[in-house]
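Here is a short briefing on one protein chain. Look over the sequence and the model before reading on.

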Amino acid sequence: MKRIDLGAVAVLTLLTLTAGCASLSNLEPPELTLVQVVPVEVTVFETTLDVQLRIANPNPDPITFEGASFKLTLDERKIGRGMTPETVTIDRFATEVVNLTFHVSNASVLLRIQEILESKTVSYGVSGKLYVKLGTGTRKLKVQNTGQIDLNQPPTDPLPELPEG
């Protein structure tokens, strides 16, 4: 009968766990950008949005996440949330567009309308957590993107005018 050295098992377990933490700490955080927001359904209390987020992996190794959760903010105040249970792999030095459904509280938005109109600018943000499976556990990778829209600027025409003739 073979005898198991508990000290060796403990050291191997510790090394495995440490390697998992080290590999996550060496990752450059993924980059997040808002691609598109489309209203799908509006009720008295809630608006449902189809949101596309681009997640970029600036690392030399692929990243696989098994689920993610995001929050949407206006002027640094949470107005809605979106989640996905999907498993997504982003190849090395590549991007993936993730489609999500966000549920936005109409009351949260309405309470900010007057402030936004008075300030003539609105800041927005999307932040979230990607749940990455490493070794024996799951780790959270935080991602975020913020921006600002100047309501005083007229929208730019994305297409230049063609010369006549």
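Predicted model: local features only at pLDDT ≥ 70, side-chain atom pairs only at ≥ 80, totals over all residues.

The chain holds two helices and seven strands. Along the sequence they run α-β-β-β-β-β-α-β-β.

**Overall fold**

- The chain has 165 residues, and 29% of them count as buried.
- Its accessible surface comes to about 11500 Å². Carbon and sulfur atoms account for 57% of that surface.
- Take the contacts between residues at least 6 apart in sequence: 63% of them join residues at least 24 apart.

**Nonpolar core**

- In soluble globular proteins, nonpolar side chains tend to be buried together.
- The largest nonpolar core in this chain has 25 residues. Ile 55, Phe 65, Phe 70 and Leu 130 touch the most other members.
- Six strands are listed as each supplying at least two residues of this core: strand 2 (46-57), strand 3 (63-74), strand 4 (77-90), strand 5 (94-105), strand 6 (121-134) and strand 7 (137-150).
- Strand 3 gives the largest share of the core, six residues.
- What does Phe 65 touch, not counting residues up to four places away in sequence? Its partners are Ile 55, Glu 86, Thr 87, Val 88, Ile 90, Val 98, Leu 130, Tyr 131 and Val 132.

**Largest pocket**

- The largest pocket contains about 210 Å³ of space.
- Its lining is made up of Leu 34, Val 37, Thr 47, Leu 49, Leu 72, Thr 73, Leu 74, Ile 79, Val 104, Asn 106, Val 109 and Tyr 124.
- Strand 1 (31-42), strand 2, strand 3 and helix 2 (106-119) each give two or more residues to this lining.
- Strand 3 provides the largest share here, three residues.
- By type, the lining residues are nine nonpolar, three polar and no charged.

**Loop residues with positive phi**

- Most residues other than glycine have a negative phi.
- Asp 75 has a positive phi, near 50°. This residue sits in the loop between strand 3 and strand 4.
- Is Asp 75 buried or partly exposed? Its relative accessible area is 21%, so Asp 75 is partly exposed; the cut-off for buried is under 20%.
- Phe 93 also has a positive phi, near 50°. Its place is the loop between strand 4 and strand 5.
- Phe 93 is exposed because its relative accessible area is 53%, and exposed means over 50%.

- Ser 123 belongs to strand 6. It counts as buried because its relative accessibility is 18%, under the 20% limit.
- Which residues does Ser 123 contact, leaving aside neighbours within four places in sequence? They are Thr 73, Leu 74, Asp 75, Glu 76, Gly 147 and Gln 148.
- Thr 73 and Leu 74, contacts of Ser 123, also line the largest pocket.
- Ser 127 is in strand 6 too. Not counting residues up to four places away in sequence, Ser 127 touches Ser 69, Phe 70, Lys 71, Val 143 and Gln 144.
- Ser 127 and Thr 73 are 54 residues apart along the chain. Their C-alpha atoms are separated by 8.4 Å.

Terms used
Residues numbered from 1 in each chain as written. Heavy atoms only, no water. Core = buried A, V, L, I, M, F, W, Y, C linked by side-chain atoms within 4.5 Å. Buried < 20%, exposed > 50% of the residue type's maximum accessible area, 1.4 Å probe, protein only. Helix = DSSP H or I, 4+ residues; strand = E, 2+ residues; numbered from the N terminus. Contact = heavy atoms within 4.5 Å. 1 Å grid on protein atoms, 1.4 Å probe; cavity = no way out; pocket = protein on both sides within 12 Å on 5 of 7 lines; lining within 4 Å. Points joined across faces, edges and corners; volume = space filled by probe spheres on them. Nonpolar A, V, L, I, M, F, W, Y, C, P; charged D, E, K, R; others polar. Areas by Shrake-Rupley, 256 points an atom, 1.4 Å probe, with all protein chains shown as cover.
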